[in-house]
Amino acid sequence: MASDDNPTLELRLEGPGETTPESSVATAPKKPRRRWILWSVLGAVVVILVIAVVLIETVGRTTAVRLAQDEIASSLNLESSEGVTVDLGSGSLILQALSGGLDAVTVDIDRFEVNGLDAAVGVIATGVPLTSSQPIDAVSMTVSIPGAEVSKLASTLSDTGLDSIELEGTAIRVSTVFKVFFFEIPVALDLVPVAAGDSVAFEPESVILNDEEISVADLLDNPLVSGLAGGLLSSQEFCVASSLPTALTIDSVAVASDNLIIELSADGIALDDAAWKQYGTCPAP
């Protein structure tokens, strides 16, 4: 007779939709793992996109700068683009390109010759279109001629031989000595630079005669002095037309920080306009 204490083995068949607790525990981690893989793929895609944007920005900016340097060197008749610095600003080139142009471009040129004088040039262009047939909103140019270079204008500043040329405050002071019989009379003249079309004019402002300041009008009214100093007291001009594109207009001229500063501008002129490559003429020296 069989004993009721003998162990029995109970078999149970699982239906298609049923699982044991053990099988549930074993398969539970699969979903988080799939999520982790998904986020890894998305993260990789984001990284790739970021790298692509950075490459486009850097490569595009480098190319744009190089093209701008070459175009500026060509427009200003420079021997090369060396010494030409171009800054396209800190904004995204991609976003600016999508809007149709660059917000601002800054250019610095270390050495630029203005009718025989060495100068430094700074240019700021705003609203620069990506299409050369479209006009630039505004262009401003600053030409800075050091005082040492201004001294080369002796023959331009006066028909009379000059002993010295110095930048004095807001004027250019020239000096010479007139010989009358057995006497030598030192004369200094302050000239103020002003814009005069495509030239810089130097207008007599005041005269220092024997340490005494005398008006130009009074000296010109004196027949003896006007006969001696007529060439010194007349207005003279320094032409810059042959060195700058006709697209630019002289707005103002001043003496500041030991430099002769010429401010020029151009508004609403397209990049491919012939005025950027045309130059005026200056009288032969």
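A residue is taken as buried at under 20% relative accessible area, as exposed at over 50% and as partly exposed in between, with a 1.4 Å probe and protein chains only. By this criterion, 33% of the 285 residues of the protein count as buried. The model is predicted, and local features therefore require pLDDT of at least 70 and side-chain atom pairs pLDDT 80 or more, whereas totals for chains, interfaces and linings use all residues. Residues are numbered from 1 along each chain as its sequence is written, and side-chain values use heavy atoms, with hydrogens and water left out.

The protein contains seven helices and twelve strands, assigned as DSSP runs (helices, H or I, at least four residues; strands, E, at least two) and numbered from the N terminus. Contacts were defined by heavy atoms within 4.5 Å. Among contacts between residues at least 6 apart in sequence, 52% join residues at least 24 apart.

Strand β1 (residues 84-87) runs antiparallel to β2 and is joined to β2 by four bridges; Val84 has Ile109 of β2 as its bridge partner. Between β2 and β3, also antiparallel, there are eleven bridges. Val107 stands opposite Val123 of β3, and Gly101 is opposite Pro129 in β3. The hairpin of β2 and β3 has two residues between the strands, and Asn115 there adopts a positive phi near 45°. Strand β3 is in turn joined to β4 by seven bridges, again in antiparallel orientation, with Ser140 in β4 as the bridge partner of Ile124.

Pockets were located on a 1 Å grid over the protein atoms alone, a pocket being an open set of points with protein on both sides within 12 Å along at least five of seven lines; lining residues have an atom within 4 Å of a point. Points were joined across faces, edges and corners, and volume is the space filled by probe spheres set on the points. The largest pocket has a volume of about 820 Å³. Its lining comprises 32 residues, of which Ala68, Glu71, Ile72, Val128 and Leu271 are the closest to the centre. At least two lining residues come from each of α2 (30-75), α3 (93-99), β2 (101-114), β3 (117-129) and β4 (138-146). The greatest contribution is that of α2, with nine residues. The lining consists of 26 nonpolar, three polar and three charged residues, where Ala, Val, Leu, Ile, Met, Phe, Trp, Tyr, Cys and Pro count as nonpolar, Asp, Glu, Lys and Arg as charged, and the others, Gly among them, as polar.

One disulfide (a pair of cysteine sulfur atoms within 2.5 Å) is present in the structure. The sulfur atoms of Cys239 and Cys282 lie 2.1 Å apart. The pair links distant parts of the chain, 43 residues apart: Cys239 is in strand β10 (residues 236-239), and Cys282 is in the segment after β12 (259-267). The link is left-handed, with -75° about the S-S bond. Cys239 counts as buried because its relative accessibility is 10%, whereas Cys282, at 22%, counts as partly exposed.

Key:
1 Å grid on protein atoms, 1.4 Å probe; cavity = no way out; pocket = protein on both sides within 12 Å on 5 of 7 lines; lining within 4 Å. Pairing = 2+ DSSP bridges.
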